[in-house]
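Me: I've got a structure open and want a quick walk through it. Can you talk me through the main features?

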Amino acid sequence: MSLLDPSLRAILNATHGDPFAVLGPHVEGGRLVIRTFLPRAEAVAVRLASTPDVAHAMSVRHPDGLFEVALDGQATLAPYVLEVTTRDSGDVAQIEDPYRFGLLLGDLDLYLLGEGRHQQLHRTLGAHPTTLGHVAGTRFAVWAPNARRVSVVGDWNGWDGRVHPMRQRLPQGVWELFVPGVAAGAHYKFEIAPASGGPPFLKADPCAAACEHPPATASVVCDESQYVWCDGEWVASRAVRREALDQPMAIYEVHLGSWARNADGEFLTYQQLAEGLIAHVTRLGFTHIELLPVLEFPYDGSWGYQVTGFFAPTSRFGTPDDFRAFVDALHQAGIGVILDWVPGHFPKDAHGLARFDGTALYEHADPRQGEHMDWGTLIFNYGRNEVRNFLIASAIAWIEEFHIDGLRVDAVASMLYLDYSRKEGEWVPNQYGGRENLDAVSFLQQLNAIVHEKHPGVVTIAEESTAWPGVSRPVHLGGLGFTYKWNMGWMHDILTYTSRDAIHRRWEHTHLTFSMLYAYNENFILPFSHDEVVHGKRHLLDKMPGDTWQKAANLRALYGYMFTHPGKKLLFQGTEFGQWREWNHGESLPWFLLDHAPHDGIFRFLCDLAHLYRAQPALHQRDYDPSGFQWIDCNDNENSVISFIRRAADPEDFVVVVMNFTPVPREGYVVGVPRAGGYAEVLNSDATAYGGSNMGNGGFVSTVDTPAHGHDQSLAVTLPPLSCLVLKPA
């Protein structure tokens, strides 16, 4: 071969699509020919494993670092090492040649990748420390079917894309390479030369197990986890409970970067966060936490919703094993962990998925289908098998690798509608002329079917803000297959109502009661999430009308209605003690408020309310069955009072809830009840301990033989101002 040979020039210029055809060992004309390209080498020799004492000097085929040797009498491939003299320092070291190793990925892996059915994608693609023969190194693989050339670059090769070009496996378009000597902790990216002929660019690994701490953007080689889980009892019981619609679920939504920080304003570690959250959530009485996205993301201001690492826990708080220990500790404390998961869009950051191989690979090429104009992000192409595979494998990895108990799927409405936030002419109808994104529907159904089949007991939750039918209906019945759906309608209605001055609430009464007309259409979660306390919306306490006392009383009553209304519950951090200022992702919650009124009272009330909710089957067993709820009176708009019954699976186990949404106390207020006898006042939001005026019924009230509201018996109760009473037959 001459120096003018195009194959050699392609190696020098890093444009060769099949480096194994040139580099490494080859039998040519009855001789073993070995070639290597080492730009930083002054001299290279070959030592065969069979004759390690003999150094076969390689000739310089090009001064840029191309070396070659032809070994007469050696007509078969044989193991060897390269003895390299470094150009700058003169140091001599023996290294293994990446190009003497054979194919890495098996035929089954490649077949499943092509079919879009490889649910263990993160174990096939990405970076995996491994040993081939007796040689330790890291196996790299990445999907980039439209690239002209892909190299793995990192801190071991000077980030030089000429050094380690990868082998392409066709027709799937996966590139692979085993690099000897690269171990856990190494930083790397993929250098991709697009087929268009443009300049090469760097991309982080889509399947990386770990990433650099932002704003750095390299992927990090991770050893196979050796973490020993101690939550076996929790995971086993989760599978037995399955979806547990009849169990209490109170979710504490957390942004780890702002829940608490150290004295210097820096992030806490996963371990510190676990310790603090376990103590707080246990006292609060909630059953789960829900983490705003902890999938690696580059920009703090996105709160995690612009993901670049779909398989990697963010490095802001520790390592992947640190995150495993975080989840494990919460499980051992009896607290479930739900992950906010974002398959609806991804950012345009240069190191991320956008135009990954120089083409619209993960996203739609047409911006009418592939771009969220409002958010400045890109939309996944759900019609592409490999893209669906990537997302479903991400979901499965978080469940299997990190023992996550549920996935809250962000922005489902934006996925379901082709015209979401688009004007006429800015979107492309589906094949039937409609606005429904049929590919996204199919993807969500596939996701939910796989998760529920493989991991019974793991829940999926849709943040879906429209009236799309059957969101929480099983896939085999035509639904999307989610376990739960956020009840955005209830949230908007009740906040509209409670933000009105009490004197005007008589004309807003339907905002209190309308939710019961559709309460059983879906398996609803009642959310007061992070979205309700940012962007000028004010925090919940500050939304309430009146003076400080009335604001706090209103908020306690609001929480009382939330926890006695059918549906599971979700509250964002800081709402549990009624902070005043809007949430700021860049600083810790104002925990000092717990030492002051009215915040301490709000917190104590919510703790007692959540524990009551968990202790009383009537408040959770029949959340999704009409037999679990009965209005006593939903029409007293003049007094802004509502009353209702919640029943357990045993219809004789019930509680009576009476709510007064005005600051006017009402004595002798008549409420019809289904059973004669005494009723214990098990909760009164106006108690002194909660910062209230301490009006009530002395903890007990008895029925009288006066028919009311269709019942033969009734109670004459004292209703404190802006209050929630929960009464239970004694």
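Me: What kind of model is it, and what cut-offs apply?

Reply: This is a predicted model: local features need pLDDT of at least 70, side-chain atom pairs count only at pLDDT 80 or more, and totals for chains, interfaces and linings use all residues. Residues are numbered from 1 along each chain as its sequence is written, and side-chain values use heavy atoms, with hydrogens and water left out.

Me: How many helices and strands?

Reply: The protein chain has 16 helices and 37 strands. Both are DSSP runs numbered from the N terminus: helices are H or I with at least four residues, strands are E with at least two.

Me: What box do the C-alpha atoms fill?

Reply: Roughly 110 × 55 × 45 Å, along the principal axes.

Me: What share of the residues is buried?

Reply: Of the 730 residues, 58% are buried. Buried means under 20% relative accessible area, exposed over 50%, and partly exposed in between (1.4 Å probe, protein chains only).

Me: And what share of contacts is between residues 24 or more positions apart?

Reply: Such pairs make up 70% of the contacts with a separation of 6 or more. A contact means heavy atoms within 4.5 Å.

Me: Next, the cores. Which residues have the most contacts inside the largest one?

Reply: Ile 289, Phe 326 and Phe 528, in a nonpolar core of 178 residues. Helix H9 (residues 385-402) gives the most to this core, with eleven residues. A nonpolar core is a set of buried Ala, Val, Leu, Ile, Met, Phe, Trp, Tyr and Cys residues joined through side-chain atoms within 4.5 Å.

Me: What does Phe 326 touch?

Reply: Beyond its neighbours within four places in sequence, Phe 326 contacts Leu 256, Tyr 270, Leu 273, Ala 274, Leu 277, Ile 289 and Leu 291. Another core lies apart from the 178-residue one. That other core has 16 residues, among them Ile 632, Val 656, Val 673 and Val 701.

Me: Why do nonpolar side chains group like that?

Reply: In soluble globular proteins, nonpolar side chains tend to be buried together.

Me: Switching to charges. How many salt bridges are there?

Reply: The whole structure has 38. The criterion is a side-chain nitrogen of Lys or Arg within 4 Å of a carboxyl oxygen of Asp or Glu.

Me: Which residue pairs with Arg 408?

Reply: Glu 290, with the closest N and O atoms 3.9 Å apart. Arg 408 is in strand S25 (residues 406-409) and Glu 290 is in strand S19, so the pair links distant parts of the chain, 118 residues apart.

Me: Is that pair buried or exposed?

Reply: Arg 408 counts as buried because its relative accessibility is 0%. Glu 290 is also buried, at 0%.

Me: What about Arg 324 and Glu 401, and which parts do they tie together?

Reply: Their side chains meet in a salt bridge at 3.0 Å, N to O. Arg 324 lies in helix H7 (residues 320-332) and Glu 401 in helix H9, so the pair ties together parts 77 residues apart in sequence. Both residues are buried.

Me: And Asp 366 with Arg 368: what is the N to O distance?

Reply: It is 2.8 Å. Asp 366 is partly exposed, at 23%, and Arg 368 is partly exposed too, at 39%.

Me: Which residues are joined into one network?

Reply: Salt bridges that share partners join Arg 123, Glu 224, Asp 321, Arg 324 and Glu 401.
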